[in-house]
Amino acid sequence: MSLFPESFISPEVATQLAPEYILRSLKASDYHHNVLNVLKDLTTVGDISEAKFIEQCEFMHSRQGEYFMIVIEKISTGNVVAVGTLLVERKFIHECGLVGHIEDIAVAKSEQGKSLGKKIIAALDFIGQKSGCYKNILDCSPYNEQFYVKCGYSNVGFEMTKRF
Ligand SMILES: CC(C)(COP(=O)(O)OP(=O)(O)OC[C@H]1O[C@@H](n2cnc3c(N)ncnc32)[C@H](O)[C@@H]1OP(=O)(O)O)[C@@H](O)C(=O)NCCC(=O)NCCS
């Protein structure tokens, strides 16, 4: 089960990828293909059962047009080596505009520095535009600011947070 239709996969980014990789939607079977380990390079993931993983996938699938979690798979191993999510928010401002929120970007340590991160962001930009978003936004640490600048993003302010 893919989370969203193939038409949301950027043909341009897909063809720019080296032939050993494929860009696609997250699938429930990715539980067995390293996706949670890739996310562990980003932050704490915790102990997630396969049942819980499938439940999350089914929820995201049920919210068509809202959750877009994409992955890059390394064909030779079948493992996920890069991930990213776009969450589409419906607003009242800007004539009921849509904003894309980029979340949880991670590339497996062994695959960093090969432009896969840049491809993930470009693929999420395509989804945002295709969905009708007037902009995509994201939060990041100062350490990663220049990565996002290279992806065409600019720093327009501060990130504020309150933990619960
Ligand atoms: C940040 C991350 C996603 C970048 O992915 P990547 O595939 O290694 O990056 P790319 O190879 O696509 O890099 C694209 C460009 O950004 C640069 N870049 C990458 N990370 C950078 C950083 N932290 N600081 C400055 N520049 C960086 C690269 O040198 C490259 O420059 P070039 O186009 O001039 O050659 C990856 O390092 C990662 O997963 N880190 C751990 C998790 C994390 O911090 N995620 C981001 C959460 S906000």
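**Strand pairing, the core and the ligand shell**

In this predicted model, His101 of strand E4 (98-107) stands opposite Ile137 in strand E5. This pair belongs to the contact between E4 and E5 (residues 135-137), two strands that run parallel and are joined by three bridges. On its pairing with strand E3 (residues 79-90), by contrast, E4 runs antiparallel, and eight bridges join the two strands; within this pairing, Leu86 has Ile102 of E4 as its bridge partner.

Strand E1 (residues 21-25) in turn pairs with E2 in the antiparallel sense over five bridges, and the bridge partner of Ser25 in E2 is Ile70.

In a regular strand, the side chains alternate between the two faces of the sheet. Both faces of E2 are covered, with Tyr67, Met69, Val71 and Glu73 buried on one side and Phe68, Ile70, Ile72 and Lys74 buried on the other, and eight of the eight residues of this strand are accordingly buried.

Helix H5 (116-131) makes a right-handed β-α-β unit together with E4 and E5. The 16 residues of H5 should span 22 Å at 1.5 Å a residue, and because the end C-alpha atoms of the helix are 22 Å apart, the model agrees with this expectation. The buried residues of H5 include Leu116, Ile120, Ile121, Leu124, Phe126 and Ile127, and also the charged residues Lys119 and Asp125. Just after the helix, Gly132 takes a positive phi of about 95 degrees.

Nonpolar side chains tend to be buried together in soluble globular proteins. The largest nonpolar core of the model has 33 residues, among which Ile70, Ala82 and Ile120 touch the most other members. Two or more residues of this core come from each of helix H2 (35-40), strand E2 (67-74), E3, E4 and H5, and H5 gives the most, with seven residues.

The ligand is surrounded by 18 residues, of which the closest are Gln112, Gly117, Lys118, Gln146 and Phe147. The shell that they belong to consists of eight nonpolar, six polar and four charged residues.

Conventions
Residues are numbered from 1 along each chain as its sequence is written. This is a predicted model: local features need pLDDT of at least 70, side-chain atom pairs count only at pLDDT 80 or more; totals for chains, interfaces and linings use all residues. A residue is near a molecule or strand if its C-beta atom, placed from the backbone, lies within 6 Å of it. Helices (H or I, at least four residues) and strands (E, at least two) are DSSP runs, numbered from the N terminus. The expected span of a helix is 1.5 Å times one less than its number of residues. A residue is buried if 20 or more other C-beta atoms lie within 10 Å of its own, exposed if 12 or fewer, and partly exposed in between; C-beta atoms are placed from the backbone. Two strands pair if DSSP finds at least two bridges between them. A crossover is right-handed if, with the strands pointing away from the viewer, the path from the first strand over the helix to the second runs clockwise. A nonpolar core is a set of buried Ala, Val, Leu, Ile, Met, Phe, Trp, Tyr and Cys residues joined through C-beta atoms within 7 Å.
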